[in-house]
Amino acid sequence: MAILSSYPSPLTISLSITCQNFCNSLNSTAFLQQSTSHRFHIRPIAASQVCTPHEVDKSSLIIAETEAEDELWAASCLRVRSFYEFTPSSYGLQDHKRYLAEREFEAVKERIAGKRTGFRRVSCINATLPLSQLSSLSEDLCAECKYTNNGEERVVVGTLDLNQCLRLPDEITGKKPEGIGADFMRAYLSNVCVAKELQRRGLGYELVAESKIVAQEWGISDLYVHVAVENEPAKKLYTKSGFIYENDEPAWQARFLDRPRRLLLWIGISGGHDL
């Protein structure tokens with residue numbers, strides 16, 4: 001599916017990539033750290049690409065918040081892997097991919113630590129599976145996105161950020177709730193992606209479901225996500241998760257930012273007002 005997000009700082013350039021199938025990533029807006037090098041091509045994944053579904057043992061699936069640096073690094077690598085397509089023969093490709101992952105890694109750590117202006121709270125939520133379950137599926141995924149938890153090697157196969165804030169940079173601002181306290185009770189999803197090898201397995205839906213639980217624990221009453229207008233798979237995911245249309249991005253803004261036009265989707269979080 002398509003687009004993600006992080007949050008622009010002086011070191012971050014907003015990048016939007018739209019894909020029309022499940023073989024890229026799962027979401028809304030993507031703000032990853034982008035190099036100015038012209039030796040590498042960052043472009044949409046072709047809609048004609050096809051993934052072969054891989055059955056997973058859901059009993060070994062863990063979806064949870066994390067602040068552990070090795071797991072955050074694995075999540076950053078998955079984001080780069082999901083939102084960029086590189087020319088395999090490019091000189092210094094692995095160094096460039098590591099550079100992008102390092103910038104996203106530092107950015108997500110800053111967001112979680114509360115060092116980014118405008119964000120009250122940020123949480124990284126990951127879906128992980130044991131390495132042993134995936135070793136025959138993709139050497140690339142296992143090599144780039146693995147980490148160790150209590151002696152067990154696991155792989156980050158899905159990730160997103162939950163952001164408690166009034167607005168996201170360069171994005172449509174939600175309208176709910178209004179008045180005093182809106183900055184406490186409004187949140188946005190970003191950086192939602194699932195490894196292309198495990199699309200169509202329900203992992204995106206479960207990630208979003210966990211984010212709603214965390215949002216409720218934070219006292220959030222209104223949760224938003226941005227999604228590209230043409231991204232039908234992502235829109236279906238959010239509709240299934242209970243999100244509804246609230247607003248859309250003006251065409252001039254999308255042209256100015258050189259990206260696909262976005263929709264803003266909303267869901268009310270039951271009980272958020274009372275926490």
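Predicted model: local features only at pLDDT ≥ 70, side-chain atom pairs only at ≥ 80, totals over all residues.
Helix α2 comprises residues 93-112. At 1.5 Å a residue, its 20 residues should span 28 Å, and the C-alpha atoms at its ends lie 29 Å apart, in agreement with that expectation. The buried residues of α2 are L93, H96, K97, L100, A101, R103, E104, F105, A107, V108, R111 and I112. These buried residues pack against both helices and strands: α1 (69-83) and α4 (139-144) on the one hand, and β1 (62-66), β2 (119-130), β4 and β5 (186-194) on the other. After α2 comes G114, which has a positive phi near 80°.

Two packed helices are described by the angle between their axes and the distance between the axes. For α1 and α2, the axes come within 8 Å and cross at roughly 125°. On the α1 side, the contact is made by E69, L72, W73, S76, C77, R79 and V80. The α2 side contributes K97, R98, L100, A101, E102, E104, F105, V108, K109, R111 and I112. Among these α2 residues, L100, A101, F105 and V108 are buried.

Strands β3 (residues 146-149) and β4 (residues 152-165) run antiparallel and are joined by four bridges. N149 is positioned opposite E152 of β4. Two residues lie between the strands of this hairpin, in which N150 adopts a positive phi near 55°. Strand β4 is also one of the elements against which the buried residues of α2 pack.

Definitions and conventions: Residues numbered from 1 in each chain as written. Heavy atoms only, no water. Pairing = 2+ DSSP bridges. Expected span 1.5 Å × (residues − 1). Buried < 20%, exposed > 50% of the residue type's maximum accessible area, 1.4 Å probe, protein only. Contact = heavy atoms within 4.5 Å. Axes fitted to C-alpha atoms, helices over the stretch in contact; angles between N-to-C directions.
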